[in-house]
Amino acid sequence: MSESVYEHLTSRLRLNRPIALVTVIEGPGLGAKLLVEPDGTVVGSLGQADLDRVVARDALGELAAGRSSARHYGERGEARERVVSVFVESFAPPPRMIIFGAVDFTAALAATAKLLGYTVTVCDARPVFATARRFPMADEVANEWPDKHLDRVGGDLGPRDAICVLTHDAKFDVPAITSAVRTEVGYLGAMGSRRTHERRVERLREAGLSEDDLARVMSPIGLDLGARTPEEVAIAICAEIIALRTGRVPRPLRDTEGPIHVPLQEG
Amino acid sequence: MKEILDDIDRWRDRGHRVAIARVVATEGSSPREAGAAMAVSDDGEVAGSVSGGCVEGAVVAAALEVLAGERERGVITFGYSDDEAFAVGLTCGGTVHLYVEELDW
């Protein structure tokens with residue numbers, strides 16, 4: 001007996017491989033399934049070849065953005081028609097956070113990022129500080145210079161991923177930020193006092209960063225919550241990451257109006 | 001859906017049939033996003049969740065109806081525009097569209 005659509009789906013999910021599951025939820029072929037993988041592999045059918053082709057293309061886009069949504073088509077995949085409704089469910093790997101600097105704030109940030117579902121890497125060039133024993137919550141601890149690390153993995157980072165530079169030492173910060181702005185990462189934050197920040201901006205300009213590059217750096221890092229302890233600072237950083245993604249200006253809900261939950265806008 | 005696979009496998013290994021309810025769209029204020037999923041076995045076990053708790057009971061009932069052949073697979077809507085929503089109490093005031101089907105694929 002050949003593998004069912006569900007078996008194919010779960011085999012990929014258990015390996016943490018990205019895959020999109022398309023289901024006809026209204027119209028002809030109700031319940032029909034199509035699986036789409038990033039290399040273009042397609043399993044199953046919605047019952048009409050043209051529809052399969054158009055939906056597979058759209059599903060790849062949704063998968064790349066890590067987004068799930070209902071979409072509507074004509075019987076042969078025509079746009080702006082509503083004969084067939086499908087639900088595209090994206091199973092994308094978890095977003096990644098890379099924390100540069102094995103400092104006293106790192107463990108709390110790594111733990112908070114894990115809570116939010118990130119795959120967390122702690123990277124520090126100093127092997128004495130960056131050990132798996134000090135950061136058991138991290139998925140990976142790398143003893144590497146930040147620029148070398150990003151040379152290796154930076155190409156895989158996208159809008160859902162985050163880089164937090166906690167070293168606040170120009171020797172590490174400058175190469176880390178200079179490499180980070182060359183990635184597609186959605187959040188880039190750098191720790192430091194306002195004075196540290198000003199000096200760092202000068203060094204980054206000297207290193208050739210444009211004003212657009214500098215505008216991407218959230219520095220000093222985090223929302224103004226009055227946070228002091230490493231745990232509080234971790235919350236301030238993660239809250240800033242969420243607010244940047246949702247485009248909200250953080251204020252108490254008591255003082256705002258309108259819907260509390262808005263549809264996810266990603267990608 | 002990933003987080004409920006182990007429960008689904010366990011139920012199916014024991015010979016049970018399973019229905020899945022997935023959030024396919026939301027409007028207004030709604031706590032769970034598209035993709036939130038709940039599985040229900042034919043003996044009434046539940047895994048996962050599709051709301052802040054307000055429509056879970058009604059969704060389980062609908063899933064059991066699908067397994068019993070009393071309801072077709074398809075989209076069910078709960079929301080402020082729907083009398084049923086008041087009955088089950090969608091407290092957040094939004095609308096949620098769920099697709100419910102038997103896992104027979």
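Reader: What relative accessible area does A:F129 have in this model?
Author: First, a heads-up: this is a predicted model, where local features need pLDDT of at least 70, side-chain atom pairs count only at pLDDT 80 or more, and totals for chains, interfaces and linings use all residues. Residues are numbered from 1 along each chain as its sequence is written, chains are lettered from A and ligands numbered from 1 in the order in which they are written, and side-chain values use heavy atoms, with hydrogens and water left out. Buried means under 20% relative accessible area, exposed means over 50%, and partly exposed is in between (1.4 Å probe, protein chains only). A:F129 counts as partly exposed, because its relative accessible area is 36%.

Reader: Okay, and which residues is A:F129 in contact with, leaving aside its neighbours within four places in sequence?
Author: Helices (H or I, at least four residues) and strands (E, at least two) are DSSP runs, numbered from the N terminus, and A:F129 sits in the loop between β7 (119–123) and β8 of chain A. Contact means heavy atoms within 4.5 Å. By that rule, A:F129 meets A:A102, A:R134 and A:F135.

Reader: How many aromatic pairs are there over all chains?
Author: Rings of Phe, Tyr and Trp (its six-membered ring) pair if their centres lie within 6.5 Å; planes under 30 degrees apart are stacked, over 60 edge-to-face, and the rest tilted. Over all chains, the count is two.

Reader: Why does the pair of A:Y6 and B:W105 count as edge-to-face?
Author: Their ring centres are 5.6 Å apart. A:Y6 belongs to helix α1 (residues 5–14) of chain A and B:W105 to the segment after β5 (95–102) of chain B, so this pair joins two chains. Both A:Y6 and B:W105 are buried. The pair is edge-to-face because the angle between the ring planes is 85 degrees.

Reader: And how far apart in sequence are the parts that A:W145 and A:F172 tie together?
Author: These two form a tilted pair, 4.9 Å centre to centre with 40 degrees between the planes. A:W145 is partly exposed at 39%, while A:F172 is buried at 7%. A:W145 is in the loop between β8 (140–142) and α4 (146–153) of chain A and A:F172 is in helix α5 (residues 170–180) of chain A, so the parts they tie together are separated in sequence by 27 residues.

Reader: How far apart are the end C-alpha atoms of α8(A)?
Author: The expected span of a helix is 1.5 Å times one less than its number of residues. Helix α8 (residues 230–246) of chain A has 17 residues, so it should span 24 Å. The model agrees, with the end C-alpha atoms separated by 24 Å.

Reader: Which elements do the buried residues of α8(A) pack against?
Author: The buried residues of this helix include A:V233, A:I237 and A:I241. An α-helix has 3.6 residues a turn, so residues three or four places apart point the same way. In chain A, the buried residues of α8(A) pack against β6 (96–100), α3 (106–115), β9 (162–165), β10 (187–190) and β11 (217–218).

Reader: Which residue in β10(A) is the bridge partner of A:I163?
Author: Two strands pair if DSSP finds at least two bridges between them, and β9(A) and β10(A) have four, in the parallel sense. Both faces of β10(A) are covered, with A:Y187 and A:G189 buried on one side and A:L188 and A:A190 buried on the other. The partner of A:I163 is A:L188.
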